[in-house]
Amino acid sequence: MAGRGRSEAAAAEGGVENFPAGEKLLQCLTNQNIGLISVQRYLGVRRWKIAKYAARKSNHLFDVQILVELRKNFSLRKAQKEIACQLGMKTLMDGESDDDEESIDTNVASKICKTLMGRKFLLVIGDVPPGFNFEFIGDPFLRNLKLNESKIVIVGPEDLQSDVAIKLDDLSMDMLHEEAADISHSPSIRGCFAPNTIVDCFLHVLLFYEFGTFKVEVEKLKWHYKAEGFIIREEEEDLMMFDEVEALLTELQLRSMLRRDGQYVMVPDSLSEKAKALVTSSERMWIRDSLPTKDENVEDIKWMVVRFVSEHLLLPPPKCPKLSYLLLRSGNEFSISDNFFEPIKTLRVLKLKRLGDEFLPKSTSCLQNLRVLKLERCPHLHTLLSSLPIFEKLEYLELSGEGYDSSPPIPDDVFQHMNNLRCLYLKHMQITSLPSSISKLHNLWHLLLINCQHLICIPDELFEHSSQLRILELRGNDKLESLPSSLSNLVNLKKLIMHGSPSIKMRLLPHLQKLSALEVLDLDSCSSLKDIADVTYSLGDILPNLRKLHISNIEVDRRLDLKRCQSLESVLLTGLTSLQVLDLSGTKLKTLHENMFKGCLLRRLDMLCMNQILEIKWDNISTTLEELNFSQCGTWNSPNDDEQQGERHGARIRVSNSKLLQSFSPSAELWDSKCFSRFHIYISPFQEEERSRGKSIHLQRRLFIYKDINSTIQTRNLPHPVSHYDRHLEIRGGHRSPNGIHGVLSRAELLTLCNNAFVQRLSDLGDVNEMEEMKECRVERCGEMKMFFEGDNSRFDCLSQLEKIWMFDLARLKCVCEGTYGSRSFGLLKHINLEFCPRLITVFSSSVFLPSLEMLVIKYCSRLEAVFQGDTLANGSLQRLHTVCLWELRRLKSICHGTYLPALKKLKVRGCWMLKKLPLRAGDMTAASTSSGGGRVEAEGESEWWDRLKWEDDRIQHLINYKDPRAFTRRR
């Protein structure tokens, strides 16, 4: 073929030297005024080779070269990891998972930026998706490109922003052969397709053109590939071909040469015009409105499509010694001469649409290589079938009676000699029964009866010798009343599709018990099945290999348990109005899409150990849902079923990455639902460790009881209450900030941070101004936290609803709050608890108004000098503070300067030897004692400390009930 030699050379490494685009890219790499270059248009291997070629030729110009090719499953995280790896950086902590491929690590981005700053580098990265940005390597990266003459080459689509764009021609024969050479070496192909065969596979899709689109059903395309001999297998391995075709289509899709849409594959609209040009210029394709004339050279034609037969009688075409595919179609009926097929005996695929003849031409018997035959909208279909010669190699037969209200029955013996038939496809056939000769098709793999709306029954003996059948599709057969008793013989059946068969009245379970190999089960609208409840209850036990389940518009029990279906990858449950409880735990679902439960009135949904799931649209979950239990990993138990329904509602969500939470938005309607009126959302990247713990998450209303001091000292763990707050976000572990959680943060009342290496201040999680509903924050063992909150604007009131702060074991914390913030910030703060913060110097270092503070607990903070530094407290602060506990604060000199505690009731002090003065006034204490009926301040502490205290007024000492408990006696 013309151009093949050129393409084979281009497919080799470095075979792009003569492409103008390669030379232009080289010129850009030497231009000091250009920093960012894009190689655009076709998403394939050619532009990547051009980029690699230019990089190799310019190697001497740069200190560092980084080449990152991420054509498959591109993600910012993968790009960042690959760059860091080539620079010798470690991107993961030991034991940490990396499921969150969309999130970036800001720390790694900063390290990459610092490593390359000041060095002359070349970064080549592709194939990037639309909307690509460079946040994963730091913003300064781009700003300093031209300063040190560095270059970035991005390989991607046309919308990329760059200084110079190099655009390539797409979808030419040269390009096809380059791609084919690359695909043939792909591990997924495993050498099953030669490069030339891959080109033919792509061109074959171009034979299917209707309504302005190149589009074909995947299953039909597979049979065409088999008929054309694109892949050759031994007979016992024939079925493996279909998996390999899927792998090939995936490779073509990854290169944007094809696009998958459900059961169809098509050429993308952006390549449609180029595809038409390929068809027009091809020497092996004839796609026109008429047959070739005898004067035209058709010796190399392999595929012929006559889109609109205008002649009433078709005469034989010129001899086509290589022709393997012929499609004749017309808007009106046409006839074929008896000797029509004599010049084209090599046919493997024959399709006739609107053939008006009563009998097939005699020359049809010449087609002894025929593998695929399709007869569509032929008014005399029954007589055409009676005239079928014996096609010993026929593997696929498709008959369509669409467009006719009635037709005679199919001849009873029509399939008698089709011993090699693998697929029988009957569509829109106006028949009431099937010919008995179907039972003779012992080698049949696929049987499809689609929209045969008058079909009532199927012969009982049909499947007695059909053990090889893999697919049985009975779709849209409204009047079909039962399936044959021999259904149980289909021990190798993979797909059973009964979609739209509402009249089937039988017990299905006894048959399903014998079909253990079944992978796809579709019972949509099979509303008359007698034992659907038994079927749904037993699915996990009888069908261990089930991957796809479709049960819709039928009556089921209120509870559906699919947790034993460990292989389940896709489920569609729509219109099940009686379904209230659904358990999908342990299945392999990858997405939770909007139509999955449409029309269901679910009240409870369990999805535990869903480690395969990649995307969830939480907004699309049923609005009737009251309880949701979801975990991406781990085996924690959901609340017991015997709990009261009122105490059980809420959402418990546990994920190892935050990608699954990104669809939560602050304004989402789901926050107003009963299910999300209470939630506990738990994020932890350390899967194995947490899985072994078997952590349980319960939403219960219980008060926190502080543990004994001795157990606290020994375990050095912050006591974990089950908070009385309804909305809890918990983040444990990880060294990078989770992305996309602003929606959850905006609604969380309780925030728990534990063992997080990334967080230095609360704002690292997101905009503090959006945390409007936070009432409690618990921070534990976050070794990088230096400050809880840093204000930068006195006009904004931040954390105005916050009531409690718990901080424990923060090795670098120096101050809880500093900076400027609005006067109402912390206005409702009632409880501060700080423990084991060895570098803490002060709690508040700037002005703050704390009118609601009631309890202050600080323990084991050895460097703390003052709780409130200087005159930081605004007038009216601490007027409600009634409990103060200060333990082992060796350097503490002052609690609060210039402010007194008129409401103080309990004071516990231990190991605060430098604290000489208490913020008390006799007048306040006398007034409080009188108003409370004689109650006094209760104080505990070492006697040595008590004796050293200095009093502004001697009356103060007599208004305090002091105790020196033996447990707190100082050891000498």
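Asp289 forms a salt bridge with Arg307, the closest N and O atoms being 3.4 Å apart, where a salt bridge is a side-chain nitrogen of Lys or Arg within 4 Å of a carboxyl oxygen of Asp or Glu. This pair links distant parts of the chain, since Asp289 lies in the loop between strand S10 (285–288) and strand S11 (303–306), while Arg307, 18 residues apart from it, lies in the loop between S11 and strand S12 (313–314). Strands here are DSSP runs (E, at least two residues) and helices are DSSP runs as well (H or I, at least four residues), both numbered from the N terminus.

The model is predicted, so local features need pLDDT of at least 70 and side-chain atom pairs count only at pLDDT 80 or more, whereas totals for chains, interfaces and linings use all residues. Residues are numbered from 1 along each chain as its sequence is written, and side-chain values use heavy atoms, with hydrogens and water left out.

The structure holds 41 salt bridges, including these:

| Pair | N to O distance |
|---|---|
| Asp606 and Arg604 | 2.9 Å |
| Lys917 and Glu952 | 2.5 Å |

Asp606 is buried at 3% relative accessibility, and Arg604 is also buried, at 6%, where buried means under 20% relative accessible area, exposed over 50%, and partly exposed in between (1.4 Å probe, protein chains only). Lys917, by contrast, is partly exposed at 41%, and Glu952 is partly exposed at 45%.

A search of the whole structure finds zero disulfides, a disulfide being a pair of cysteine sulfur atoms within 2.5 Å. Cys320 is buried at 0% relative accessibility, and Cys526 is buried at 2%.
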